[in-house]
Amino acid sequence: MKTRFINKATGLTLLIVSLLLIGCSTNVTVTGDYPSALIKPLPYHVGLVLDDSFTHYIFESKQEQDVTMTLGKSQTQLFDQIFSDMFVSCSTLGTIAKATASKVDLVVVPHVEEVQLAMPFETRLNVFEVWVKYNLQVFNSEGEPVADWLMSAYGKTQTRFLKSEEEALDQATTAALRDAGVRLAIGFKRIPEIRDWIEQREKQKPLAQSGGQG
């Protein structure tokens, strides 16, 4: 009887632990939409390289609460939208080799450097916070490095307005991606190396035009 009681108690404990683990797991697929950037496009053709690690990016955090966030589709939509607004022509490609072969003016290769979360049980506030850090590598038409830009974005939401943790994290992450879009639209051409590249291209325009007339 004692052995049978122990086995039943052990089985009940394992069941409770399993239920607790399931209850502490959060899975989110980010589904935000992103408005067009109201900016004057730069007169260049950019090749945007979004490889599989970017388009299928999944963030996993295994701390006190397991969180899995699927970001790939949503951030791909964002970068497609913003770079199509920032330049008169944008080609989205899978590799740098394809981009340079397409005779583009610039090649941009974004990578996710880091994702951080702050959950209410950590901050003791009724707030979900998300930080996303991107590394944007920029190359010229010959595949030579032009710039290497680290860009951070931030978003948060209040849980009291939402029905679930999944919805809260979705909104916080969408807010962070929208913040990334604003920073891209405003900050990209202000990167010193990009600004220098644009100035050099502008200086070459009159020379090319006068050469054509002669």
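The axes of helices α3 and α6 come within 10 Å and cross at roughly 25°, with axes taken as lines fitted to C-alpha atoms, for helices over the stretch in contact, and angles running from 0 to 180 degrees between N-to-C directions. The two helices are therefore roughly parallel to each other; angles under 35 degrees count as roughly parallel, over 145 as roughly antiparallel, 65 to 115 as roughly perpendicular and the rest as oblique. The model is a predicted one, in which local features need pLDDT of at least 70 and side-chain atom pairs count only at pLDDT 80 or more, while totals for chains, interfaces and linings use all residues. Residues are numbered from 1 along each chain as its sequence is written, and side-chain values use heavy atoms, with hydrogens and water left out.

**The helix pair**

- The crossing of α3 and α6 is right-handed; this term applies if the near helix is turned clockwise from the far one by less than a right angle, and left-handed if anticlockwise.
- On the α3 side, the contact is made by Ser74, Gln75, Leu78, Phe79, Ile82, Phe83 and Met86, where contact means heavy atoms within 4.5 Å.
- On the α6 side, Leu177, Ala180, Gly181, Leu184 and Ala185 take part.
- Ser74 is found in helix α3 and is buried, with a relative accessible area of 2%; buried means under 20%, exposed over 50% and partly exposed in between, with a 1.4 Å probe and protein chains only.
- Apart from neighbours within four places in sequence, Ser74 is in contact with Val30, Thr31, Gly32, Tyr34 and Leu177. Leu177 belongs to the α6 side of the helix contact.

**The chain as a whole**

- The protein chain has 7 helices and 8 strands, which are DSSP runs numbered from the N terminus (helices H or I, at least four residues; strands E, at least two).
- Of its 214 residues, 41% count as buried.
- The accessible surface of the chain comes to about 12600 Å², and 54% of this belongs to carbon and sulfur atoms; the areas come from the Shrake-Rupley method with a 1.4 Å probe.
- Among contacts between residues at least 6 apart in sequence, 71% join residues at least 24 apart.

**The sheet of 5 strands**

- 5 strands form an open sheet in the order β5-β2-β6-β7-β8, with mixed pairing; two strands pair if DSSP finds at least two bridges between them.
- β5 (87-93) and β8 (145-158) stand at the edges with a single partner strand each, so one side of each is left without a neighbour in the sheet.
- The twist averages 25° from one strand to the next.
- Strand β7 (residues 127-140) and β8 run antiparallel and are joined by 13 bridges.
- Tyr134 stands opposite Met151 in β8, and Lys133 stands opposite Ser152 in β8.
- The hairpin of β7 and β8 has 4 residues between the strands, and Gly143 takes a positive phi near 85° there.
- Helix α3 (residues 72-86) lies across β2 (42-49), β5, β6 (106-118) and β7, and runs at about 150° to β5.
- Helix α6 (residues 165-187) also packs on this sheet, touching β6, β7 and β8, and its direction makes about 145° with that of β8.

**The sheet of 3 strands**

- 3 strands form an open sheet in the order β1-β4-β3, again with mixed pairing.
- β1 (25-29) and β3 (58-62) stand at the edges, each with a single partner strand, so one side of each is left without a neighbour in the sheet.
- Neighbouring strands of this sheet are turned by 5° against each other on average, direction ignored.
- β1 and strand β4 (residues 66-70) pair in the parallel sense over 5 bridges, and Thr29 stands opposite Thr70 in β4.
- α6 packs on this sheet by touching β1 and β4, and its direction makes about 45° with that of β1.
- β3 and β4 pair in the antiparallel sense over 5 bridges.

**Strand β3 and Glu60**

- The covered face of β3 consists of Phe59 and Ser61, and the uncovered one of Ile58, Glu60 and Lys62.
- Glu60 counts as exposed at 52% relative accessibility.
- In β4, Thr68 is the bridge partner of Glu60.
- Not counting residues up to four places away in sequence, Glu60 touches Val67 and Thr68.
- Glu60 and Asn27 are 33 residues apart in sequence, and their C-alpha atoms are 9.2 Å apart in space.
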